Amino acid sequence: MHRRCPHLLGRLFVWIAGGFGRKLPANPQTIVSMFWDQQIETMGRSALEQLQVKRLQATVRRVAKSVPFYQQKFAERGLKPGDLKSLEDLRRLPFTANADLRATYPKGLVAVPAEELARLHTSSGTTGKPKALFFSRKDVDNAAELIARCFVMTGCTRDDIFQNMMTYGLFTGALVMHYGAEKVGCLVIPAGPGNSEKQLLLMQDFRSTVLHITPSYALYFATYLESRGINPRKDLAIRKAFIGAEPYTEETRRKIEKALGVDVYNSYGLSEMNGPGVAFECEHKRGMHLWEDHYIAEIIDPQTSEPLPDGKRGELVLTTLCREAMPILRYRTRDITSVIAEPCPCGRTHRRLNRITGRSDDMLIVRGVNIYPQQIEQVLMAVPQVGRNYLIVLDGLDDMTVKVELAESGFDGRVEHLVGLQTEIVNRLRAEILTKPKVELVPPGTLPVSEGKAKRVVDNRRL
Ligand code: ADP
Ligand code: ZN
């Protein structure tokens, strides 16, 4: 009880709601506010920043003592751990790039003796070779703690039945969420991805209330339910879906919410920072609270590496503050977003990240124009006749074809007579991406679906 509601006011509320000292109901969390650790989540900015400085200093001391990679970087800059006095000094620290993690594979940037290592994950390898990420026991527990905050923030309680439809294994996505859900006290169903028939059976038989799923699989699963004549609002108990692991647009969120009858919460994380639970939406769904007592976020210009002010879109750079086994300084995530500094009506003081619009290395250059796949998705998902999947194919010298699945409803088995729709999509795309792609309409369910992260671009160009 104490753990769930450390704040004095919160305890008073529980006492009153519980009937002035009467025995509390079986599930006190359902009447407690939507905080897992209110003291931390609503901490004043200056106290939070002081905590960040203290933890950053400890992190820097730790890597300076035991990680040769950082020792060398500090030596090159003539930097001593004691030089770090304030958050502004963060800029004096070196960046850590994706390539640095690959170069240190398989040992990683480990900062503790081998016997203190408790778990190994690797990145899912969306781009290139894997990276080895090590956790100590405390790191495993901290990651679960942050997930617990995220769950409770969206109103989850121990009454929830959590169906985890992400890939288990080396990928952090499923396991880290699993541990966090257990901490909250949910019943956890480790379903893994794919096999829609089995997923549906689990949802029906165990009345799952919360799903963890990729946007692409959520869209696919919605089509599956439709084909089985299942109305999720009536026939299933699902109410929430935590969706992340790949970029998706607001249009896609709305589509999933409508088709699955759930509230979708955007969930952001990356293996290099413990996996999911780095940033997550609260009930207001206007940006994702980044847990700033565990991570420091900076936004930089990906080309010049210069810092950008709050509100400006650029590359997210993250520094771990509590990681024992493998602290990482100023990690270049390549994810493009911006920071929302305005206070959130939920009362949490941790700043929010805007939706990730893609990775700096997702950017396609087609006929000299910079294009993010998300721009294309945004256009497509706003067209009612468009279904739930698309593929961008680049061919020849610089030819772009967008293959677009049609929606099941209203499709009569023929695509040839849909010239008007095709032209409309071409025009809408041209207005957004400033170049004219070819558009190929294809019947529903004919484009490949991956169980893990969606593959949206096939680049066969001879450039
Ligand atoms: P990788 O994909 O690099 O092999 P991860 O499995 O750790 O490794 O994936 C982390 C990446 O997934 C993030 O850096 C980001 O690009 C993407 N991602 C995760 N969550 C989201 C989200 N909610 N929105 C957009 N992109 C996301
Ligand atoms: Zn909020």
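Is Cys344 buried or exposed? Cys344 counts as buried, at 8% relative accessibility. The model is predicted.

**Cysteines**

Cys156 is buried too, with a relative accessibility of 2%. How many disulfides does the structure hold? It holds zero. A disulfide needs two cysteine sulfur atoms within 2.5 Å. The cysteine sulfur closest to that of Cys156 belongs to Cys186, 5.5 Å away, so the two are too far apart for a bond.

| Cysteine | Relative accessibility | Class |
|---|---|---|
| Cys156 | 2% | buried |
| Cys344 | 8% | buried |

**Domains**

The domain assignment gives two entries. Domain 1 takes in 5-43 + 137-361, and domain 2 covers 363-459. Their C-alpha centres are 29 Å apart. Domain 1 brings 27 residues to the contact, and domain 2 brings 18 residues.

**Helix pair H12 and H13**

Helix H12 spans residues 373-381, and helix H13 spans residues 419-433. The two pack at an angle of about 140 degrees. Their axes are 10 Å apart. The crossing of H12 and H13 is right-handed.

Which residues of H12 meet H13? They are Gln375, Ile376, Val379 and Leu380. On the H13 side, the partners are Ile425, Arg428, Leu429, Glu432 and Ile433. By class, the residues of this contact between H12 and H13 comprise six nonpolar, one polar and two charged.

How values were computed:
Residues numbered from 1 in each chain as written. Chains lettered and ligands numbered in written order. Predicted model: local features only at pLDDT ≥ 70, side-chain atom pairs only at ≥ 80, totals over all residues. Heavy atoms only, no water. Buried < 20%, exposed > 50% of the residue type's maximum accessible area, 1.4 Å probe, protein only. Axes fitted to C-alpha atoms, helices over the stretch in contact; angles between N-to-C directions. Helix = DSSP H or I, 4+ residues; strand = E, 2+ residues; numbered from the N terminus. Left-handed = near helix turned anticlockwise from the far one by under 90°. Contact = heavy atoms within 4.5 Å. Nonpolar A, V, L, I, M, F, W, Y, C, P; charged D, E, K, R; others polar. Domains from an automatic or database assignment.
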